[in-house]
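I opened my notebook to go through this one piece by piece. Here is what I looked up, in the order I did it.

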Amino acid sequence: MASIVLSSSMPLQKPWRKVFTWERSKNFRMLRASLADGDALLKAAKYTVDTYIRSGMVVGLGSGHASCLAIEYLGRQLKEGTLKDIVGIPMSNFSGSEAVKAGIPLDEYQESSQIDFAFNDADTMEEGTLIAIIGRRKWQGGESIIQEKSIVEEAGKLAFIVTERQYGRLLDGSVPVLVHAYNWMHTAEEIDDLFLGDAEVWRRPALGHSGPLGGDFPLVTRDGHNILDLIFTSPILNPAAQQ
């Protein structure tokens with residue numbers, strides 16, 4: 001198993017729609033950690049904390065397995081006194097809960113928040129372009145995807161932690177799209193027409209099995225949005241143009 005940390009100090013260049021684009025620069029760093037004992041993600045998580053986080057920072061705390069490992073390690077660094085005066089801003093209920101258990105002081109995200117660094121998981125990332133897809137994870141009703149987007153965009157530096165399997169030459173699978181719940185059907189039909197034959201559009205449910213209409217309990221975020229999963233039947237060609 002291998003893990004990769006991808007980071008850049010440059011801000012994201014385009015509005016967030018569950019597909020991230022950032023530019024390769026002289027500040028771009030990449031760590032490949034190939035380990036047979038299954039500790040690759042833990043090594044990448046530790047590398048992220050040790051390399052980018054310094055005492056006194058405000059840190060955006062991502063969601064996912066790798067981010068959980070980074071949160072746990074960051075908490076240990078605080079308890080041991082290696083790092084001090086860290087404030088975490090969680091991207092989700094999950095990361096907030098993990099941070100509390102790790103002993104990381106938290107603050108709520110506000111538009112005026114100054115975030116020095118953020119880390120997060122990515123579902124998949126395209127080699128070379130560094131276009132990443134996030135948001136495939138199971139969301140809980142009442143969570144704010146807008147908040148996660150804002151924390152990622154506002155961070156002075158950002159790192160994604162992904163496995164070797166998630167980092168490749170082609171992006172495939174589903175792309176989550178955020179839409180207003182009150183007119184989701186109209187938007188879904190427009191998206192379906194746009195990608196006719198190349199993808200299916202399903203509304204994500206809060207409970208039960210997924211389907212085109214989202215079942216009896218469609219997911220509604222804290223901001224009043226539905227998530228439409230745009231499920232591609234073949235690799236996504238020219239993903240930068242989809243933004």
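**Entry 1: Ser-95.** I started with Ser-95, which I found in helix α3. A reminder to myself: this is a predicted model. Is Ser-95 buried or exposed? Ser-95 counts as buried, because its relative accessibility is 0%. I then listed what Ser-95 touches, leaving out residues up to four places away in sequence: Leu-61, Gly-62, Ser-63, Ile-71 and Pro-90.

Entry 2: I stayed with α3, which covers residues 93–102. Lys-101 makes a salt bridge with Glu-98 here, and I noted 2.9 Å between the closest N and O atoms. Why are the two partners about one helical turn apart? Lys-101 and Glu-98 are 3 residues apart in the helix, so about one turn separates them. Lys-101 counts as exposed, with 58% relative accessibility, whereas Glu-98 counts as buried, at 11%.

**Entry 3: the other salt bridge.** How many salt bridges does the structure hold? I got 2.

Entry 4: Having landed on β13, I looked up its neighbours. I found an open sheet of 3 strands in the order β11-β13-β12, with antiparallel pairing. Which strands stand at the edges? They are β11 (174–180) and β12; each has a single partner strand, so one side of each has no neighbour in the sheet. On average, neighbouring strands of this sheet are turned by 25° against each other, direction ignored. Between β11 and β13, which run antiparallel, I counted 7 bridges. As one spot to look at on screen, I picked Val-179, whose bridge partner in β13 is Asn-226.

**Entry 5: helix α1.** Next I checked α1, residues 40–52. This helix has 13 residues and reaches 18 Å from its first C-alpha to its last, close to the 18 Å expected at 1.5 Å a residue. I wrote down the buried residues of α1 as well: Ala-40, Leu-41, Ala-44, Ala-45, Thr-48, Val-49 and Tyr-52.

**Entry 6: Asp-85.** Phi of Asp-85 is near 55°, which is a positive value in a residue other than glycine. Where is Asp-85? I found Asp-85 in the loop between α2 (65–80) and β5 (87–90). At 64% relative accessibility, Asp-85 counts as exposed.

**Entry 7: the whole chain.** I finished by stepping back. The protein chain has 5 helices and 13 strands. Of its 243 residues, 50% are buried. Among the contacts with a separation of 6 or more, 77% come from residues 24 or more positions apart. The accessible surface comes to about 11,800 Å², and carbon and sulfur atoms account for 50% of that surface.

Technical notes. Residues are numbered from 1 along each chain as its sequence is written. This is a predicted model: local features need pLDDT of at least 70, side-chain atom pairs count only at pLDDT 80 or more; totals for chains, interfaces and linings use all residues. Side-chain values use heavy atoms; hydrogens and water are left out. A salt bridge is a side-chain nitrogen of Lys or Arg within 4 Å of a carboxyl oxygen of Asp or Glu. Helices (H or I, at least four residues) and strands (E, at least two) are DSSP runs, numbered from the N terminus. Buried means under 20% relative accessible area, exposed over 50%, partly exposed in between (1.4 Å probe, protein chains only). Contact means heavy atoms within 4.5 Å. Accessible areas come from the Shrake-Rupley method with a 1.4 Å probe; for residues, only the protein chains shown count as cover. The expected span of a helix is 1.5 Å times one less than its number of residues. Two strands pair if DSSP finds at least two bridges between them. Axes are lines fitted to C-alpha atoms, for helices over the stretch in contact, and angles run from 0 to 180 degrees between N-to-C directions.
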